[in-house]
Amino acid sequence: MTNTQSFHVAVIGAGPRGISVLERTLAGFLALAPDERPALRISILDPFNPGPGHVWRTGQSRLFLMNTPSLFPTVVPAGATAAGLAASPTGLSFDQWRLLMTRDETGWVLSAGDREELAGLSSGAFPSRALYGRYLEWTYARLQDTAAAAGVTLEHVRAEVLSMARAGTGPGWTLEVAGEATLAADAVVLALGHLPAALSADQDRLRDAADRHNLRYLPPAVPSDVDLSVLPAGEPVLIRGLGLNFFDIMIQVTAGRGGRFVPSGEPAGRALRYEPSGREPVLVAASRRGTPYRAKAKLDSYVPRSVQLQYFTEEAATSFRDQGILPGFDHDLWPLLHRDAVWAYYSTLARVAAEELLEPAEQFLAELRGALDLPGPEWDPAKEAVLDRCVPSARRTNLEALAQPLGRRPYAGAKDLDDAVLAYLQDDAAGSAAGEDDPLKMAIGALNAGRTVLKAVVADGGLAEASWLTELRGWFEPLVEGLASGPPPERIEQLAALVRAGLVHFVGPDPRFDVDEARGVFTGVSPWSGTEYAAKTLVEAMMPANRVDRNISPLLSGMLRDGLARPKVMMAGDGTAVVTPGLDVTLPPYRPVGISGTPQEDLYVLGLQLSSVQWGTAIAAEAGSPAGAGARTVRDADDIAAALLASAAAGQRLTRVTTAPATVR
């Protein structure tokens with residue numbers, strides 16, 4: 001305990017997770033009886049503004065969109081999430097805030113761009129990251145007011161924390177703050193978010209080649225940090241990555257340079273045509289699967305209303321734990337979720353295209369249900385027998401094969417490959433437009449619903465380590481991210497328009513990037529197309545690696561070096577020790593485990609660095625979802641807040657005892 005009357009909490013990181021910790025701490029503080037409230041001081045340390053933090057800065061391009069609709073994200077308990085938690089001082093999810101701002105009843109100052117975006121935004125539409133940052137900014141402002149009214153000292157220190165160490169031999173911490181005096185804190189919360197990371201060996205090789213040949217290499221980065229104006233107009237640019245960062249690059253160098261996407265009058269998939277400004281580069285894009293992530297479906301809910309999990313329920317998924325069984329993903333969990341995805345696909349097919357089935361829809365669904373209800377491995381061959389008998393081959397699907405959308409087959413050159421990807425894009429856009437009536441999008445919706453259950457089940461050692469490494473993270477995570485973590489549907493329509501306009505080409509699956517030393521250019525080629533592309537610019541369309549063992553943050557790398565924290569190590573199936581991406585931590589409230597194996601007192605972790613004890617840590621809290629499931633981040637913040645307030649109360653009692661006057665006898 002430091003020698004102050006107030007218990008001092010330092011929250012390092014002022015983005016969404018840091019704000020959740022602040023909000024839960026203030027909520028817990030207000031829930032105490034007035035005479036039980038400890039003297040409390042909270043410092044938020046971050047070079048960026050509290051609320052938006054680094055990623056959600058309000059000044060970034062409004063072309064950068066979230067990949068969740070307005071109805072999804074929150075940083076505070078909202079709706080059903082609030083059940084059992086202390087009442088929130090703000091209590092508004094993003095969508096509730098959106099409606100409040102649209103009514104303009106608060107006097108909160110919004111920019112003209114904010115107001116224009118709000119006027120056209122619905123619950124099912126995808127907001128800009130800048131507007132979400134405004135919500136976070138508003139939330140922090142309300143928390144400032146709450147703290148002031150409650151007598152809690154709240155300050156923002158606009159600086160980076162460079163290191164931390166124990167304050168002498170006792171409890172408490174000393175933080176080295178860039179450009180500031182050292183700061184003493186009784187407890188510290190690490191809400192660090194995305195951190196800079198060392199390049200991989202392959203990335204290092206390409207960067208070194210760029211230096212030798214005067215080429216342009218843009219490493220992994222937060223998209224709003226990248227100066228995309230350097231991409232040369234009219235020249236080819238190699239892009240590695242077809243995830244969300246790719247779409248940020250794509251839109252910024254097209255619509256962001258004066259190009260226009262205009263309605264074509266054609267059906268979905270061909271609904272747009274592109275009118276170039278003449279200032280666009282030619283993007284040559286590549287990824288392991290060869291295609292972008294599939295777009296979100298156009299829905300008025302996050303999980304399709306027609307999707308109800310019947311096999312991979314919370315009760316079924318937790319039954320293994322209740323029986324004392326540590327489940328494996330492939331053997332125990334995937335067969336349940338797989339059944340739900342199969343049912344979502346074929347029940348939708350029977351509803352929208354019954355005439356294509358080889359048996360009456362009602363009979364087909366009854367037979368399919370009977371097969372899916374079979375216990376053990378018998379369900380899968382029984383299901384296949386029903387499908388063979390009832391569904392034409394052109395209407396069948398194989399969910400696991402969706403990880404290879406181009407089929408790993410040879411292509412007859414660049415045009416053949418581009419045509420195949422364009423057909424994929426047009427089909428995907430049409431499926432998104434169909435919403436609840438598209439069988440594949442409903443199967444993906446079931447997988448998305450299952451993710452919420454899965455996150456709760458596998459957290460904190462709920463899955464065998466070998467299964468976590470080779471099954472959940474090994475094959476399922478890439479599959480489900482490619483299907484369920486994709487961009488807003490308009491981005492796929494826009495990409496298809498750019499392909500038709502000749503401004504985007506594709507390298508193909510399993511690409512290899514290299515440097516032609518003789519020509520002094522980057523090259524990209526796929527073994528499945530044989531076409532080699534060359535360019536003087538290569539962009540890594542991805543975030544810095546979320547691995548604590550590769551981070552180059554002065555704070556976290558110093559903590560690892562000094563033994564205050566360590567990466568979590570898991571055992572593979574063959575007994576090999578594997579260093580995982582996240583920190584080794586205790587059960588909630590998460591405290592990092594030091595090199596000696598001892599948990600650090602009064603030090604807590606929230607967010608991305610928990611990726612080895614939680615799955616899907618990058619996904620925001622879902623508004624209205626139970627705090628133990630889709631809004632797990634809020635519950636984790638609440639657990640940390642409870643621990644902070646307990647320590648503050650204990651410290652306050654100690655202070656009262658040690659400062660009480662001696663009794664005269």
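Two residues are in contact here when heavy atoms lie within 4.5 Å of each other. Take Gly628, which touches Ala456 and Arg635, leaving aside residues up to four places away in sequence. The model is predicted, so local features need pLDDT of at least 70 and side-chain atom pairs count only at pLDDT 80 or more, while totals for chains, interfaces and linings use all residues. Residues are numbered from 1 along each chain as its sequence is written, and side-chain values use heavy atoms, with hydrogens and water left out.

Let's stay with Gly628 for a moment. You'll find Gly628 in the loop between strand 22 and helix 16 (632-659). Helices (H or I, at least four residues) and strands (E, at least two) are DSSP runs, numbered from the N terminus. With a relative accessible area of 31%, Gly628 is partly exposed; buried means under 20%, exposed means over 50%, and partly exposed is in between, using a 1.4 Å probe and protein chains only. Gly628 and Gln652 are 24 residues apart in sequence, and their C-alpha atoms are 31 Å apart in space.

Now hop to strand 1 (residues 7-12). Is this strand enclosed or open? Six of its six residues are buried, so strand 1 is largely enclosed by the rest of the structure. In a regular strand the side chains alternate between the two faces of the sheet. You can follow that here: Phe7, Val9 and Val11 point one way, His8, Ala10 and Ile12 point the other way, and all are buried. Strand 1 also has a partner, strand 2 (residues 40-45), and the two pair in the parallel sense over six bridges. Two strands pair if DSSP finds at least two bridges between them. Across from Val11 you'll see Ile44 of strand 2.

Strand 6 (residues 173-177) is joined to strand 7 by three bridges, and Thr174 has Ala184 of strand 7 as its bridge partner.

Another open sheet of three antiparallel strands has the order 15-16-17. At its edges are strand 15 (512-516) and strand 17 (532-535); each has a single partner strand, so one side of each is left without a neighbour in the sheet. Here the twist averages 30 degrees from one strand to the next. Strand 16 (residues 521-525) pairs with strand 17 over four bridges, with Gly524 standing opposite Tyr533. Helix 5 (residues 201-213) lies across strand 15 and strand 16, at about 25 degrees to strand 15.

Five residues sit between the two strands, and Gly575 in the turn has a positive phi of about 90 degrees. Val569 stands opposite Val579.

Helices meet too. The axes of helix 2 (residues 94-103) and helix 4 (residues 129-150) come within 10 Å and cross at roughly 90 degrees. Axes are lines fitted to C-alpha atoms, for helices over the stretch in contact, and angles run from 0 to 180 degrees between N-to-C directions. That makes helix 2 roughly perpendicular to helix 4 (65 to 115 degrees; under 35 is roughly parallel, over 145 roughly antiparallel, and the rest oblique). Helix 2 brings Phe94, Trp97, Leu100 and Met101 to the contact, and helix 4 brings Leu131, Tyr132, Arg134, Tyr135 and Trp138. Some of these names return in one aromatic cluster, formed by Trp56, Phe94, Trp97, Tyr132 and Tyr135.

How many aromatic pairs does the structure hold? There are 19, where rings of Phe, Tyr and Trp (its six-membered ring) pair if their centres lie within 6.5 Å, and planes under 30 degrees apart count as stacked, over 60 as edge-to-face and the rest as tilted. Tyr346 and Phe364 have ring centres 6.2 Å apart and planes at 80 degrees, so this pair is edge-to-face. Tyr346 belongs to helix 8 (residues 329-352) and Phe364 to helix 9 (residues 361-372), 18 residues apart. Tyr346 is buried at 1% relative accessibility, and Phe364 is buried at 0%. Phe476 and Trp615 form a tilted pair, 6.0 Å centre to centre with 35 degrees between the planes.
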